[in-house]
Amino acid sequence: MTQPTAEHVGLLLRNARGEKGWTQGQLATELGTSQSAIARMEQGKQNLSLRMIERLEAIFGRSIVKVGKPQMTHLRVEGGKTLSGEVDVNSSKNAGVALLCASLINRGTTTLRRLARIEEVNRIVEVLTSIGVECTWLNGSDLRIRRPEVLDLGSMDVDAARRTRSVIMLLGPLLDETSEYLLPYAGGCDLGTRTVEPHMQALRQFGLEVEAKSGFYSVTAPPADVHHRSFVLTERGDTVTENAIMAAAHREGTTVIRNASPNYMVQDLCFYLQGLGVEIEGVGTTTLKITGRSAIDVEIEYFPSEDPIEAMSLITAGIVTNSEVTIRRVPIEFMEIELATLEQMGQKLEISGEYMARNGRTRLVDVTTKPSELRAPQDKIHPMPFPGLNIDNLPFFAVIAGNAEGQTMIHDWVYENRAIYLTELNKLGAQVQLLDPHRIYVNGPTKWRAAEIGCPPALRPAACLLLAMLAARGTSELRNIYVIERGYEDLAERLNTIGAKIEYFQD
């Protein structure tokens, strides 16, 4: 099939907007972008990603253009430009995925507002739809979820399930859905061996039995009970904690979970479950006391809070390009260590007063980056469980350290492969020295240069390459960006709203 031109797509978009009676500003508000971006789209001056086309079709309730999906989508970046302006942080990817899984606990209707439209969310939605859940996009980003009385677990979309690690988080909400069922092995980023045993240890406390069989988990559900239970998680993992919380939400007895993660996505999950009538004490601490309900049938709408990892990505874009950019709606509670580390490196930041997120619980600020002369920190940069520096924000410091005078050690002790992927920054002129699978030295400052690079199979290192390309004079290409689309919603297009020049293309 002949691919339609950008001008033709722009005309179809303009006609669809006209039929709805909207201004460019109204459409921009729905998409969470700028009016100038809509104008560029309609003039055929901005390539649209397949993800953006799908969002536009969801908003207008009609097909805008029919194209065959290409095998791979790439980005072309014209770097070396100074950025300026303001950009909002989107809602949390990890919270959104947890809330989708938790919606199965509710027999009523759940409406998730401003849900991130990313590939990870799409995969979970595909899984839920395949087992009989009605998932309806009400506009560009609101999702209404209605589950049937009985889920058809035998019809689960295995391909979609295998493309996300998040499928393991269905074990908690499906605790006693049916006596036996199969769940496909989890996939996702290639970050080395990540055992699911901590999940199993937690769920065994509720009587769940899981056995590995030929690419599937064979699950035997426990009988319902009202027992009180108390246990400690051997690993303070985010998804492990969420699985245990969702299992406890089924039980009318009291469950005490110690060494629980108090991270941002866990808090969002707790706030949603409290809206369903589940009693949870200790939100934001490492000890949770949960009194669940055996039957939940509630009409609820919930706004996931903003994503601190996306906030760090956007802040990094401002820093690496030595620009003055304002990142709005930053969840400060989950960014304080990162911002303090940046200031110790000499980064100048302006931080606004606090205000509340739409969920009424999460504290937000606006952060403005200022052109600064950076220096390497005296100590290594390493992650810690919340309230420490977030493990997913650690890779961005490799890009930032590239702009700093001196040598920075970055210690990624959680994943045994991810530090290796950060050596790809060397193709853009960085001086990254791999010490072992967990540690790198970054020597700066870097004279960034353009290059063509294939995306590594890990989300945050891939995003780091894109951000470094913004600083590299000349034209760079980042190929096969599916891994970025798993975790970011239109990141390239939103960077364009603050002065970047990035375009999508396919071979």
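Trainee: How many bridges join strand S9 to strand S10, and in which sense do the two strands run?

Mentor: The general idea comes before the case. Strands of a sheet pair through backbone hydrogen bonds, and the pairing is either parallel or antiparallel. In this predicted model, S9 and S10 (residues 254-258) run parallel and are joined by four bridges. One of the partners can be named: Arg229 has Thr255 in S10 as its bridge partner.

Trainee: Which residues of S9 (residues 229-232) lie on a covered face, and which on an uncovered one?

Mentor: Again, the general idea goes ahead. Side chains in a regular strand alternate between the two faces of the sheet. In S9, Arg229 and Phe231 make up the covered face. Ser230 and Val232 make up the uncovered one.

Trainee: What covers strand S3 (residues 109-112), one face or both?

Mentor: Both faces of S3 are covered. Thr109 and Thr111 are buried on one side, and Thr110 and Leu112 are buried on the other.

Trainee: Which strands are joined to S3 by bridges?

Mentor: Strand S5 (residues 143-146) is joined to S3 by four bridges, and the two run antiparallel. Thr111 stands opposite Arg144 in S5. Strand S13 is joined to S3 by three bridges, and here the strands run parallel. The bridge partner of Thr110 in S13 is Ile300.

Trainee: How do I read a sheet, for instance the one that holds S6, S8 and S7?

Mentor: Read the order of the strands, then the sense of the pairing. This sheet is open, its three strands come in the order S6-S8-S7, and the pairing is antiparallel. Strand S6 (180-184) and strand S7 (209-213) each have a single partner strand, so one side of each is left without a neighbour in the sheet. On average, and with direction ignored, neighbouring strands of this sheet are turned by 25° against each other. Between S6 and strand S8 (residues 216-220) there are five bridges in the antiparallel sense. Tyr181 stands opposite Val219 in S8.

Trainee: Which strands form the open sheet with mixed pairing, and in what order?

Mentor: Four strands form that sheet, in the order S22-S23-S1-S24. Its edges are strand S22 (452-454) and strand S24 (502-505); each has a single partner strand, so one side of each has no neighbour in the sheet. The twist from one strand to the next averages 20°. S22 pairs with strand S23 (residues 474-479) in the parallel sense over three bridges. Ile453 has Leu478 in S23 as its bridge partner.

Trainee: How is a pair of aromatic rings described?

Mentor: Two values are given, the distance of the centres and the angle of the planes. There are four aromatic pairs here. For Tyr272 and Tyr302, the ring centres are 6.2 Å apart and the planes stand at 70°, so the pair is edge-to-face. Tyr272 belongs to helix H10 (residues 264-275) and Tyr302 to strand S13 (residues 300-302), so the pair ties together parts that are 30 residues apart in sequence.

Trainee: Are these two tyrosines buried or exposed?

Mentor: Tyr272 counts as buried, at 0% relative accessibility. Tyr302 is buried too, with a relative accessible area of 6%. A second pair is formed by Phe334 and Phe386: their ring centres are 5.0 Å apart and their planes are at 40°, so this pair is tilted. Phe334 lies in the loop between strand S14 (324-331) and helix H12 (336-344), and Phe386 in the loop between strand S18 (374-375) and helix H13 (396-402), so the pair ties together parts that are 52 residues apart in sequence. Phe334 is buried at 7% relative accessible area, and Phe386 is buried at 12%. Ring pairs link Tyr264, Phe334 and Phe386 into a cluster.

Trainee: How many cavities of 30 Å³ or more does the structure hold?

Mentor: First the general idea: rolling a probe the size of a water molecule over the atoms shows where empty space is left. The structure holds five such cavities. The largest cavity has about 60 Å³ of space.

Trainee: Which residues line the largest cavity?

Mentor: Among them are Leu75, Leu466, Ile481, Tyr488 and Tyr504. Helix H16 (482-487) and helix H17 (491-496) each supply at least two residues of this lining. By class, the lining has eight nonpolar, no polar and two charged residues. Glu485 and Asp490 are also part of the lining.

Conventions: Residues are numbered from 1 along each chain as its sequence is written. This is a predicted model: local features need pLDDT of at least 70, side-chain atom pairs count only at pLDDT 80 or more; totals for chains, interfaces and linings use all residues. Side-chain values use heavy atoms; hydrogens and water are left out. Two strands pair if DSSP finds at least two bridges between them. Axes are lines fitted to C-alpha atoms, for helices over the stretch in contact, and angles run from 0 to 180 degrees between N-to-C directions. On a 1 Å grid over the protein atoms alone, a cavity is a set of points where a 1.4 Å probe fits but cannot get out, and a pocket is an open set with protein on both sides within 12 Å along at least five of seven lines; lining residues have an atom within 4 Å of a point. Grid points are joined across faces, edges and corners, and a volume is the space filled by probe spheres set on the points. Ala, Val, Leu, Ile, Met, Phe, Trp, Tyr, Cys and Pro count as nonpolar, Asp, Glu, Lys and Arg as charged, and the others, Gly among them, as polar. Rings of Phe, Tyr and Trp (its six-membered ring) pair if their centres lie within 6.5 Å; planes under 30 degrees apart count as stacked, over 60 as edge-to-face and the rest as tilted. Buried means under 20% relative accessible area, exposed over 50%, partly exposed in between (1.4 Å probe, protein chains only).
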